[in-house]
Amino acid sequence: MFNKMILSVLVIFSFIHAKENQMSIYDFNVKTIDGQEISMSKYKGKVLLIVNVASKCGFTSQNEDFMILGFPSNQFANQEPESNDKIKEFCSLTYDVKFDMFAKVDVNGENEAPIYKFLKSNQKGILGTENIKWNFTKFLVDKEGNIVDRYASTTTPESIEKDIIKLLK
């Protein structure tokens, strides 16, 4: 009887775990920088580079060869202290940003955005860590919504161009 109970618990746990692993990036809703909630399914069929951005960080630049989705975060050295409206204005006027920008989020900790929890659990950082270390950590997503790779803040979009081109084929 005890063995049947253990087996039942393991089966249930396996089912729950399998369900979690079946989630896709497209299962998430996020808020745009203008406050509108949208489904990530809007990006089905596109190669994505999801980046935690900060307008006061020295790594700010853009590359329009593929879809970049920017999620401002103020968790690193207070480099994104402004409101979403001010972030949008700064990015438009200073960098003429053309990629989609989203509402400011936490990428680590108790209040981290669910999409970032998902991204980090699917692509660990150096030495298997999940926490994001700095602004401009990048997650490459294929056309089917699979998180393909994770890149450090200092990795430029140009240096991962071959990975992106491979996914665009």
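Student: Buried means under 20% relative accessible area, exposed over 50% and partly exposed in between, with a 1.4 Å probe and protein chains only. By that rule, is F28 buried or exposed?

Tutor: F28 is buried, because its relative accessibility is 9%. Note that this is a predicted model: local features need pLDDT of at least 70, side-chain atom pairs count only at pLDDT 80 or more, and totals for chains, interfaces and linings use all residues. Residues are numbered from 1 along each chain as its sequence is written, and side-chain values use heavy atoms, with hydrogens and water left out.

Student: How many aromatic pairs are there?

Tutor: The count is 5 aromatic pairs. Rings of Phe, Tyr and Trp (its six-membered ring) pair if their centres lie within 6.5 Å; planes under 30 degrees apart are stacked, over 60 edge-to-face, and the rest tilted. F28 and F118 are a tilted pair, because their planes stand at 45°, with the ring centres 5.1 Å apart.

Student: Where do F28 and F118 sit?

Tutor: F28 is in the loop between α1 (2-21) and β1 (29-31). F118 is in helix α3 (residues 114-122). They are 90 residues apart, so the pair links distant parts of the chain. Helices (H or I, at least four residues) and strands (E, at least two) are DSSP runs, numbered from the N terminus.

Student: And F118, buried or exposed?

Tutor: F118 is buried, at a relative accessible area of 7%. Y116 pairs with F139 edge-to-face, at 6.1 Å centre to centre and 75° between the planes. Y116 belongs to helix α3 and F139 to strand β6, so this pair ties together parts 23 residues apart in sequence. Y116 is buried at 0% relative accessibility. F139 is buried too, also with a relative accessible area of 0%.

Student: Which residues make up the aromatic cluster?

Tutor: F71, F102, Y116 and F139 form one aromatic cluster.

Student: New topic. Why call strand β3 enclosed?

Tutor: 6 of the 6 residues of β3 (residues 48-53) are buried, so the rest of the structure largely encloses the strand. L48, I50 and N52 cover one side, and L49, V51 and V53 the other.

Student: Which strands does it pair with?

Tutor: β3 pairs with strand β4 (residues 67-72) in the parallel sense over 6 bridges. With β6 it pairs in the antiparallel sense over 4 bridges. Strand pairing needs at least two DSSP bridges between the two strands. L49 has I68 as its bridge partner in β4 and stands opposite L140 in β6. V51 is partnered by K138 in β6.

Student: What else does β6 join?

Tutor: β6 is joined to β7 by 4 bridges, and the two run antiparallel. F139 stands opposite R150 in β7. Their hairpin has 5 residues between the strands, and G145 takes a positive phi near 90°.

Student: How many residues are in the largest nonpolar core?

Tutor: It has 24 residues, and those with the most contacts inside it are I25, M40, I50, F71, I115 and Y116. β3, β4, α3 and β6 each give two or more residues to this core. α3 gives the most, with 4 residues. A nonpolar core is a set of buried Ala, Val, Leu, Ile, Met, Phe, Trp, Tyr and Cys residues joined through side-chain atoms within 4.5 Å.

Student: What touches I50?

Tutor: Leaving aside neighbours within four places in sequence, its contacts (heavy atoms within 4.5 Å) include I25, M40, L69, F71 and Y116. Another core lies apart, of 18 residues, among them I33, I68, F136 and L167.

Student: L167 is in α4, then. Which residues of α4 are buried?

Tutor: D163, I164 and L167 are buried in helix α4 (residues 161-168). They sit on the same side of α4, because they cover an arc of only 95° around the axis; the arc is that of the directions from the helix axis to the C-beta atoms. K162 and K166 are exposed on the other side. The buried residues of α4 pack against β6 (138-141) and β7 (147-151).

Student: Last one. How many salt bridges?

Tutor: There are 4 salt bridges, each a side-chain nitrogen of Lys or Arg within 4 Å of a carboxyl oxygen of Asp or Glu. K162 and D163 form one, with the closest N and O atoms 3.6 Å apart. D100 and K42 form another, at 3.9 Å. D100 lies in strand β5 (residues 100-101) and K42 in the loop between β2 (37-39) and β3, so that pair ties together parts 58 residues apart in sequence.
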